[in-house]
Amino acid sequence: MTPLSLRGAVTSPSRGRLALLAAPLLFVAVFFLWPVAAIVARGLSSDGVGLWEGFTGAGGPGLVWFTLWQAAASTLLTVALGLPLAWLTARVRFRGQWLLRVVATVPFVLPTVVVGVAFRTLFAPGGGLGFLGLSETVWAVLLAHAYFNVSVVARIVGGVWSAVDPRAEQAARTLGAGPVRAFLTATAPALLPAVASAASVVFLFCATSFGIVLVVGGSRLRTLETAVYQEVVGAFDLRTAALLALVQIVIVVLAVALSGALRVRVSRPSAAARVDPRRPVGRARLAVLAGVPVSVVLLLFPLGALLLRSLRPDPSGALSLDAYRRLTSDFGGVVPAKALLMSLVTAAQAGAIALLVGGLAAVAISRSRGLLSRFADAVVMLPLGVSAVTLGFGYLLALQSLPAVRESPAVLPFVQALVALPLVVRVLVPALGAVDPRQRQAAAVLGASPLRVFTSVDLPVISRSVAVAAGFAYVVTLGEFGAASFLVRPEQMTLPVLIGRISGRPGWSDAALAASCSVLLIAATVAVIGAVEALRRDDIGRAEF
């Protein structure tokens with residue numbers, strides 16, 4: 001081979017990877033950096049009031065304190081509830097375990113506004129737990145956050161727990177240690193990095209929680225997220241909203257950096273490293289017999305309360321389908337059934353965009369090494385550094401001078417695709433990394449084009465992962481509430497935004513309508529996540545979604 005041809009063989013793959021990265025990088029630059037820059041410019045602009053004066057005048061210090069401590073408290077509660085679920089789903093084997101994994105996954109993929117409506121219904125006077133008096137209290141928010149995020153702990157910790165050798169704990173028991181001491185000395189140290197990683201992710205989700213705080217906390221509780229929304233929608237004070245959004249960006253960036261640092265310490269267990277779970281005996285069997293029904297009841301109880309509320313459209317408590325009949329009636333200029341259809345269509349568009357852009361990025365990242373791989377991975381993960389509410393507000397600012405673009409129905413699918421992009425990449429990169437590069441090289445030597453190599457070598461291996469990524473992208477965009485609250489137009493109303501608006505209105509019948517709309521979203525989400533779990537049911541130990 002001549003030096004010229006050798007140089008071409010070396011540089012051609014690099015050029016190909018750069019070409020693959022061009023679309024994702026441009027996508028992130030336009031749909032992420034532009035709105036963030038608009039927030040920074042508006043927040044740092046001078047309106048006659050200094051930055052600190054404007055921040056403190058909006059109650060910023062109190063908002064920051066409440067945002068942080070409720071996120072920390074929610075994280076502690078979530079970890080405490082998630083560890084037993086991690087043991088049940090990863091450490092033992094029993095009949096129907098796959099169904100428990102599906103039930104445990106459903107809360108996390110539900111739209112946050114649906115979880116908010118469920119817990120608002122649960123703790124409202126006359127609700128299933130109304131006698132506790134927790135309506136619109138911080139305890140209701142903490143419990144809703146724990147419910148929403150418990151599967152994060154179960155999956156991340158469970159993925160590592162499935163690879164921990166049980167013989168170390170058995171040896172400790174043989175030497176006379178009790179069950180608790182054996183666990184703390186032999187198993188707990190191996191789980192601590194995963195627990196810390198899961199806790200950091202949960203803290204990030206709770207610190208940026210919008211739908212749950214807005215619906216469950218009502219007007220009494222305000223975090224930075226809900227304050228940004230209220231400053232824009234209620235007071236239309238864009239400068240104050242931008243200042244609060246800047247502080248929120250700093251908090252989220254720090255939380256993402258901590259999560260990334262802890263995530264590096266958690267190794268994803270390989271199939272060879274995993275320990276096959278055994279059928280429980282003795283005390284473990286009793287724990288399973290008690291833990292499984294308790295877990296299922298706790299996970300389904302809020303959804304059952306929501307379903308029951310949708311069937312009780314008046315204070316008499318009589319069962320009726322009136323709330324479901326209202327789905328085809330006009331509510332404030334919007335028909336809920338049409339809003340559901342719009343949600344389904346928009347989610348399909350956003351999911352397709354996220355899958356295309358994320359797929360290109362994943363291929364380039366998996367085939368790159370060193371600085372290029374790290375840079376590309378960091379860029380496509382950037383949307384994790386800004387919440388959906390902040391992103392939607394940024395678009396509101398950026399598109400002020402472009403009314404034609406702002407009114408375009410294409411804006412919302414692209415923004416929601418940006419929210420789902422990191423998830424798609426995280427699912428596809430490990431799958432592509434499992435493809436034997438020698439098979440690609442053999443196909444290329446035989447004259448196959450790069451596209452033919454991908455379709456004949458990579459695609460058969462990653463097809464299930466592609467379906468999983470598509471399913472998760474679809475459910476995430478289907479329930480997206482934060483950015484849509486700023487960007488949705490009346491003729492493009494999505495069901496999560498409509499549910500949020502209905503739940504903010506007093507009245508028994510409107511609460512039943514919000515519940516019936518939520519039931520529709522739950523049904524659509526469960527159908528998709530059930531199909532996803534069917535594809536993943538053999539993958540027991542996994543450290544990431």
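Contact here means heavy atoms within 4.5 Å.

**Overview. The predicted model of the protein chain is built from helices, with zero strands.** The secondary structure comes to 23 helices, and of the 545 residues of the protein chain, 51% count as buried. Among the contacts with a separation of 6 or more, 80% are accounted for by residues 24 or more positions apart in the protein chain. The accessible surface comes to about 24000 Å², and carbon and sulfur atoms make up 68% of this area.

Close-up 1. Ala58, which stands 186 residues from Leu244 in sequence, has its C-alpha 8.4 Å from that of Leu244 in space.

**Close-up 2. Helix H3 spans a length that agrees with its residue count, and bends at Gly82.** The helix runs through residues 60-90, and at 1.5 Å a residue its 31 residues should span 45 Å, whereas the end C-alpha atoms are 42 Å apart, which agrees. The bend at Gly82 is about 30°, and a proline, Pro84, follows within four residues.

**Close-up 3. Helix H3 packs against helix H4 in a left-handed crossing.** Helix H4 comprises residues 97-109, and the axes of H3 and H4 are 9 Å apart, at an angle of about 145°. On the H3 side the contact involves Leu85, Leu88, Thr89 and Ala90, which meet Gln97, Leu100, Arg101 and Ala104 of H4. An α-helix has 3.6 residues a turn, so residues three or four places apart point the same way.

**Close-up 4. Helices H16 and H18 cross in a right-handed manner.** The contact is made by Ala388, Leu391 and Tyr395 of H16 together with Val415, Leu418 and Val419 of H18. H16 covers residues 388-398 and H18 covers residues 411-433; their axes come within 11 Å and cross at roughly 150°.

Methods. Residues are numbered from 1 along each chain as its sequence is written. This is a predicted model: local features need pLDDT of at least 70, side-chain atom pairs count only at pLDDT 80 or more; totals for chains, interfaces and linings use all residues. Side-chain values use heavy atoms; hydrogens and water are left out. Helices (H or I, at least four residues) and strands (E, at least two) are DSSP runs, numbered from the N terminus. Buried means under 20% relative accessible area, exposed over 50%, partly exposed in between (1.4 Å probe, protein chains only). Accessible areas come from the Shrake-Rupley method with a 1.4 Å probe; for residues, only the protein chains shown count as cover. The expected span of a helix is 1.5 Å times one less than its number of residues. The bend at a residue is the angle between axes fitted to the seven residues ending there and the seven starting there. Axes are lines fitted to C-alpha atoms, for helices over the stretch in contact, and angles run from 0 to 180 degrees between N-to-C directions. A crossing is left-handed if the near helix is turned anticlockwise from the far one by less than a right angle, and right-handed if clockwise.
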